[in-house]
Each structure stands twice: as structure tokens, then as C-alpha cells.
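Student: Got a model open here. Can you walk me through how its parts are arranged?
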Amino acid sequence: MLTLETSIENLTKVGKTVASRLQNLGIFNVLDLLNYYPFRYDDFSTLKKIKDLQPGDIATVKGKIELLANKRSFKKKMFITECFLSDETGSIKATWFAQPFIAKVLKNGDEVYFSGKVDGDLFNHYLKNPSYEKVSDQTTHTARLVPIYAATEGISQKQLRFLIKQALSVVDLIEDDLPEQIKTFWQLIDLTRALKQIHFPENKAELEQARTRLKFNELLGWHLQNILLKKDVQESLAAPIQFNEEQTKKLVNNLSFQLTDAQRKSAWQILIDMAKTKPMNRLLEGDVGAGKTVVAALAIANAGLNGFQSALLAPTEILAFQHFLAFKEILGPLNLNVALLTRSKGQVFNTADNAPTTLSKAKLLKTIANGEIQLVIGTQALLEDKVIFNKLGLAVIDEQHRFGVEQRQKLREKSGDPATTPHFLSMTATPIPRTLALTWYGDLDISVLDELPPDRKKPITQLFSPNKRNQAYEFILEKIKEGRQAFIICPLIEESDKLGVKSATEEYQKLKEEIFPQLNIGLLHGKLKPKEKDRIMAEFAGGQTDILVATSVVEVGVNVPNASVMIIESAERFGLAQLHQFRGRVNRSRHQAYCLLFTASQAEKSLNRLNTLVNCYDGFKLAEEDLKQRGAGNLLGLQQSGVWNFKLASFADTNLLEQTKKAADLIASDYPEFMQRLKDTTVIHPE
Ligand code: ADP
Ligand code: MG
């Protein structure tokens, strides 16, 4: 008997190898299969008579197989399978390459559907590599809207469809717990029907309804979690932190620059929040290079001056180290102890002294626990059980959108006072238009740094077609000779190559072996272990590598001021917001930055979109533009930045985003049991 929890290994035709490949796709059991939605559909629903087929048509024909045979192409030593398909109006040739087994699966005289694209000229039509299936009422691969899944090497579409069909036989075991009233009011179909239709839609209208229902679930879930988070904060107490005006002024006056108005305003909002007895729950949104660090520093300084400790969580060890150095500068005028806690060791300095001292991790943990340290900088490792604070008043998380429930819980437990919750500040460079942010982050207060410091040179951004690539390489070489470094960003080429390993690796090989054998080149992609990534980034940050070939993993907060050139390959594949994030990586110093966008695309829409980036340097404007143009690239960009973790919903679903907000508020007020169940079972936001 199948259940939703049945492991894939127990399904028909799944052996060890197939199981491990499915696991690579994140599929472990029947429920995972049901939740593995197609990313597109082949529309093979149009049935045509053979005499009506035209080259270019995408269609299905029903007929009888004749003259089926395998041949060998002499040149390519490859099998070609050929046959004719006949109906009462005529016959058409079908050809398959390198799939000799087809001659075993199909037989002369079989009644079949062939689906695919018609090739050929006016007189001579044929079907190349058509999908085929014996005639039945319930087709899977032909004569319908056929689902196409993100597959992986060694797993075919046919296999996935076959397995998902098995899984669908128990889809009714899924409980649709959405209250009937909500379903009726918003005209939503049942969850089980939606799941059936998302995989094997009967028609486009059914598919649309299925998508709406599933998107509704995704967005509703998000809003409900926000509501839970907000409630959690409202019910907690925090220790108030008073604004120390005199010392704060001293800090600000000591900076080597003037704060922008946006920085002043945001800092002020934060300091007001922290003086309250409710924990702050604020997001500081600011474009790349807008200067979020110094704003956080003012909050941290005030916590320290009030006798409280702060924790700063960075996404990587490199960034933690960079913050460690930055805080040494900023907090200089105060007498505070700042520590860096990494996997391997600890470092501490007093802001009034010069050189940091290294000490053992055990020793450092002791000084944190007894309150000698006012600011601890580190990665998520700060959340480990052995890190105990004496009096934690403020927690700051960089390049993330929020503290999740679990992180909050951990910090509360280790804060030294279980009765209070630390103030929370999140910082992100992902510019989400303000109106959207308010709906999206229902639980958070938002401060925005909407201006860049005035001294910034704009990065020179330009579009190039592939025939300019060699000149671009020469340009890079020139800059490297001047002492600079360069990034080369590669896109994800295939759906199946989710982590972009393939394209980046190929580019890396080419540069290393053919183009720049004399230079040191690094390679960074999503499949590397965190430790490896850190090492490669450290080598680049330290100047040991001249060029870093990378996938979109470089997006987050890395600061390598010496890198001033960036090439982005197949730029049309990225969303504007994401391209802007990349570009921010090379705009962090006095060196003029260059961003070379390569595209082979001739499509007017893509070129227009890329030209927006050439002419605009404002992340928020670009995000709005992205939203307006509603490209799928936008979705991709935000997905990778962790903001948007949905399979179907996107920022373009503005109406549904608002409708689900209403539904969530309704559920929160009228369906206490639903909320309780959610609270008991929920895993709050993926971040
Ligand atoms: P981000 O918002 O991307 O985290 P950072 O805080 O790292 O940006 O700041 C980027 C750089 O800008 C740092 O070198 C910082 O010292 C500098 N900076 C911050 N604020 C200002 C300002 N008001 N004027 C000039 N430079 C500034
Ligand atoms: Mg930053």
C-alpha cells in the first residue's frame, strides 16, 4: 500500500541508482513527488490529420506504424530509427536518433500517438524525435498538455511522469485543511484536484485554476507565518536601551565621511525602537554599498554603552572578518571589546587598542559568557549551544531578511536573561519596492537607505555581443596589469544544472587553459562545500587570484574593493535586480568600475531590459522595473537571493499577494484552531 510517506525506493521501477538521482532532486518520498511540479508543458493537445500537418506545427497524430527499422548512420556511427505513421488521410515519416530501443518498444501495426514538431519543406514532411505512446484514453506523454519537469542526468521525463502518476494514485490522502469558507470566497479548487491538474492538466483552464490554488497556498503560508512571528514579538518583553546622544555624536564625528540623510533617519528609527520594552523587529533595506554597516554600528555602540552585548551574524566567514575590520574603524573612539568567532579560532580587540589578539575558542567563549565582550561577530555558528552571552541586548543579521523563529528562540535562550528577548535588526541589499515590502514583510518594520553616499562613481555598464569577447579579455588583462581583479559571472544554462556547476566549470577551464594561462584563476559555484567557498573567496579577497569565475553565489555581500571589472555572460538570463547585485560587487572603492554585459540575444525585449541596467544605477528603481516587466528572470533572481522560495508564485502576482494577505488576516482572527495547528507544525520561513 502506498502512502504519502512511502519512500521512493519502494516504488515500481526505482532501484538504488534511480533513488539516489531522485534524491538529488530533493525527492525522497511520495509526497515529494507530488510536490515536484512541472516547470512547463508541451502542448500536444491538438490532434491533427496527417494531410493537414504543416512544417512548424506542434501537434499530435494518431495512426498505425509501418516499416519500422533501425539503421546505422555511417559517418556518426549512430543508430537511426525510422518508421512511417499512417492514418486515413496519408502517411508521414518519423525519425529518432540514438534511441535504438524504440524499435523494441514499438511494433509494426501498433496504433499510436506521435507528438512533436513537424519538420521539413513544402512537400516532404517528417517528425523528428516525436514522443510516442500507444493509443489509450489516459495518455501520459502525448495527445495532451504534457508536463516537463526539471530532470537530472540519468532521469528522463518519461520516468518522472511514470513515478508521479504512481504518486497521484494516493493524492487523495492529502488533507486540504483550508477552511471551506475561504475556498468558496476566493473560488479555489480543492488541493487534491489542483495537484492532479498541475501534473496532468486536462486543459489550460484547469491548469490555471490549479496554479492559482497552489500559489494561494504558498502565499497564504507566508503571510500566516508572518502573523505568527509578529505575535511572538508582541508577546515578548525586551530590555530598553537608551540613546546615548553624546557618545553617538562622538562616533559620528569621527567617521571619515558624512552620514547620508537616509542613514541618519534609519539610525534614528532603530534607536527609538531599541528604547522600548518591546523587542525591535526591523529590517534595514539598502542598496549595495548604501552603508548599512555604519547604521548597525550606531545601534551596537548604544547597546554597548548601556551595558548590553550585541551579536552580529554574517552569512560567511569572509564577511564576518570584513565586519570585524570595519568595526575596528567605526567604533574606534569608544572603549568596547569586539570579538570575531570563527570555526577555528577567536580574535578580540579593544577598539581603543590597535592590533587584535588571537585567543583560543574556549577562552573567547568564557569572555563572552562573563560579559567582557560587547560585540561578537560570527556566522550562524554564534547560534551554537556553547556560545552563551551574559547580557545580550541586540542581535543583527546581515544579508538576510529576517530572523527565523528558531534563531530567535536560540538567541533568547542564550541571552543571559530568558525573560527578555533581544532587539532584532536584519539587513538586506535586496531592493524590494516599498509598497510590496509592506505586504510582504507583514511582521517587520522597515527602514530604507534610499540614497547612496555621494562620493560613488557610477560603474560603467555596457552591452556587448559575443564577437567582442576577445577585446573584453584584453581589457581585463590590462586592468589586471594595473593591479586590479575581475569577476566573470556565468549563468545557469540548463534547468537541470541548478547550481550552475557546468557552465562555470567550462568557462573556468577555457580561461585557465586557453585565454589566460599566465594568470591565477579561481572557480566558485554552488556545489562546493562552505569551507571550500570560504577558501576560494579568501584567496580572491587576498589578491592571490586575479580572476574569479563564479555562478550567482557571489551575489551576497562580498567586498573585494580591488576587483573593478566584471563580465556577466548570457546576461539576458538574469533578472535586473540580480544583475544589479552582481554589479554592486565591483563598485566598492575609488577605482572606476566596469560591468560588461554579454548577450547573444537579439530579442528586443531582452535588449530593452538590459539597457535599463546600462542607464540606471538605482536598485529600487530597477526592482520596480523588474516587477513591471514581469520577467521570469526576476523570479529567478529573487529565488536565489532567498527572498522568494516559492515554486509557482512570484512577485508579479501582486493581486494574489494582497488577496492572500486578507485571507491570512481572516484566518488569524476567525480560525483559532487552524492557527494553533499551524503553530504546532510549522517550520517558519526558510531563511
Ligand atoms: P552595504 O550597505 O552594502 O553593507 P557598507 O556598509 O559595506 O555597504 O558600506 C560600503 C562602503 O561605503 C564602506 O566602505 C563604508 O565605509 C562607506 N560608507 C558608508 N557610509 C558612507 C557615507 N555616508 N559616505 C561615504 N562613504 C560611506
Ligand atoms: Mg553589507
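Tutor: Start with a convention for angles. Under 35 degrees counts as roughly parallel, over 145 as roughly antiparallel, 65 to 115 as roughly perpendicular, and the rest as oblique. Keep in mind that this is a predicted model.

Student: OK. At what angle do the axes of α7 and α22 cross?
Tutor: At roughly 55°. The axes come within 8 Å. Helix α7 covers residues 204-234, and helix α22 covers residues 654-670.

Student: Then how are α7 and α22 oriented to each other?
Tutor: The crossing is at roughly 55°, so α7 and α22 are oblique to each other.

Student: Left-handed or right-handed crossing for α7 and α22?
Tutor: Right-handed.

Student: Which residues of α7 and α22 make the contact?
Tutor: From α7: T212, K215, F216, L219, L220, H223, L224 and I227. From α22: L656, L657, T660, K661, A663, A664, D665, I667 and A668.

Student: How do the residues of that contact divide into nonpolar, polar and charged?
Tutor: 11 are nonpolar, three are polar and three are charged.

Student: New topic. How many aromatic pairs does the structure hold?
Tutor: 16. One of them joins W96 and Y132. The ring centres are 5.9 Å apart, with 90° between the planes. That pair is edge-to-face.

Student: Where in the chain do W96 and Y132 sit?
Tutor: W96 is in strand β4, residues 90-97. Y132 is in strand β7, residues 131-134. They are 36 residues apart, and the pair links distant parts of the chain.

Student: Last one. Which domains does the domain assignment give?
Tutor: Domain 1 spans 46-143, and domain 2 spans 460-616. Their centres, taken over C-alpha atoms, are separated by 44 Å.

Technical notes
Residues numbered from 1 in each chain as written. Chains lettered and ligands numbered in written order. Predicted model: local features only at pLDDT ≥ 70, side-chain atom pairs only at ≥ 80, totals over all residues. Heavy atoms only, no water. Axes fitted to C-alpha atoms, helices over the stretch in contact; angles between N-to-C directions. Helix = DSSP H or I, 4+ residues; strand = E, 2+ residues; numbered from the N terminus. Left-handed = near helix turned anticlockwise from the far one by under 90°. Contact = heavy atoms within 4.5 Å. Nonpolar A, V, L, I, M, F, W, Y, C, P; charged D, E, K, R; others polar. Domains from an automatic or database assignment. Phe/Tyr/Trp six-rings, centres within 6.5 Å; stacked < 30°, edge-to-face > 60°.
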